[in-house]
Amino acid sequence: MQTTIAIDAMGGDVGPKVTVPAALSFLAQSPDCRVLLVGRTDNIKAQLRKATARGDATLMLRRLEVIEAPELVEMHEDVRSAIRHKKNSSMRVAIDLVKSGRAHACVSAGNTGALMGTAKFVLKTLPGIDRPAICGALPSRNGVVYVLDLGANAESTPEHLLQFAIMGAMLCAAVDGKESPSVGLLNIGSEEIKGNESTKRAGELLKASHLNFFGNVEGTDIYKGTTDVVVCDGFVGNVMLKASEGIAKMMGDFLKEEYKKSPLRKLMALISLPALNGFRSRVDHRQYNGAALLGLRGIVVKSHGSADAYGFGRAILRAKSEAEHGLLSKISTEIERLHNEGLLQPAGAASNDEVPNLAEG
């Protein structure tokens, strides 16, 4: 099967200058895939002409189609405004292509709130899922750990956390091939008595489910790789993610400053360059770019707005992987099984026409 990815070419801090080269690079790596570049045709074709002039795009153009979408959702734009007044935006048209079946997945680096709200409004949620969640892969001592929710829901019930755990586990199983991924519930301590009433109840639901529930985990366990999946509400997840990004940047800045303090240290930096390059490669956030919007009736992946072509390309590869591994069917099957066994009851939260209570703007 030829996998088709719809790309919001106008999204992000830079737009086509990043998304077009990333799409061409993706096509070069994936001869069995097609790309639909959605946005302002003139802007997209200008970047395609630059690539063609360099001689690195001619073959890929056969598997690429440009689709006109004159409107643009700004990074600061209100969710409701984007849904109601930007029906011809590159973001909306790319999502519509998934709904119509022309594309198997959509990738955007645009406004997170608008993307989640529009995707939920257009695609709706899977049966048995009350709210979608943002799931990202973070580096750990054991490879990667999937964490959700990273900002789609400021508040979540215990039933929502159970649904998030199911979706995260199915993502890990589908993409990484793990038969029974371990799931941890983010808490202020590992003991069952720790946490608020909602977290305690979520722990009970997870323990009663068929998931490979490890128990409570603390913040340090995320990067230790204690479990394959870590579950939390969107408020906590988004604060954790932004704090981690801040720490990583601070450590990198500190390291650069120390190496520049004297000629001797500069020499030491040159000698230790292979180790530094290896370290940089292991913690390079671009490798983990691309957060899945789980729980929708279609695959949507959110790229970081400031991603470069390499980082955006990783998000496209993530969307391809989710589509080819049948992620949606795996989530639906597990949700239905738990419903039939009486282990999962709908939380009755948001309707499919309601704009989600986003923690991430």
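In which sense do strand β5 and strand β6 pair, and over how many bridges? Before the answer, one caution: this is a predicted model. Strand β5, residues 133-140, and strand β6, residues 143-148, pair in the antiparallel sense, over 6 bridges.

Next, two helices. The axes of α4 and α5, the latter covering residues 112-123, come within 10 Å and cross at roughly 35°. This crossing is right-handed. On the α4 side the contact includes Met 91, Ile 95 and Val 98, and on the α5 side Leu 115, Phe 121 and Val 122 are among the residues. By type, the contact residues of α4 and α5 are 9 nonpolar, 1 polar and 3 charged.

Last, a single residue. Lys 86 sits in the loop between α3, residues 79-85, and α4, residues 90-100. Is Lys 86 buried or exposed? Its relative accessibility is 17%, and the cut-off for buried is under 20%, so Lys 86 counts as buried. Its side chain reaches the backbone oxygen of Leu 72 at 2.9 Å. Beyond its neighbours within four places in sequence, Lys 86 is in contact with residues including Glu 71, Glu 77 and Arg 92. Arg 92 also belongs to the contact of α4 with α5.

Definitions and conventions: Residues numbered from 1 in each chain as written. Predicted model: local features only at pLDDT ≥ 70, side-chain atom pairs only at ≥ 80, totals over all residues. Heavy atoms only, no water. Helix = DSSP H or I, 4+ residues; strand = E, 2+ residues; numbered from the N terminus. Buried < 20%, exposed > 50% of the residue type's maximum accessible area, 1.4 Å probe, protein only. Polar contact = N/O pair within 3.5 Å; in protein donor to acceptor, adjacent residues only side chain to side chain. Contact = heavy atoms within 4.5 Å. Pairing = 2+ DSSP bridges. Axes fitted to C-alpha atoms, helices over the stretch in contact; angles between N-to-C directions. Left-handed = near helix turned anticlockwise from the far one by under 90°. Nonpolar A, V, L, I, M, F, W, Y, C, P; charged D, E, K, R; others polar.
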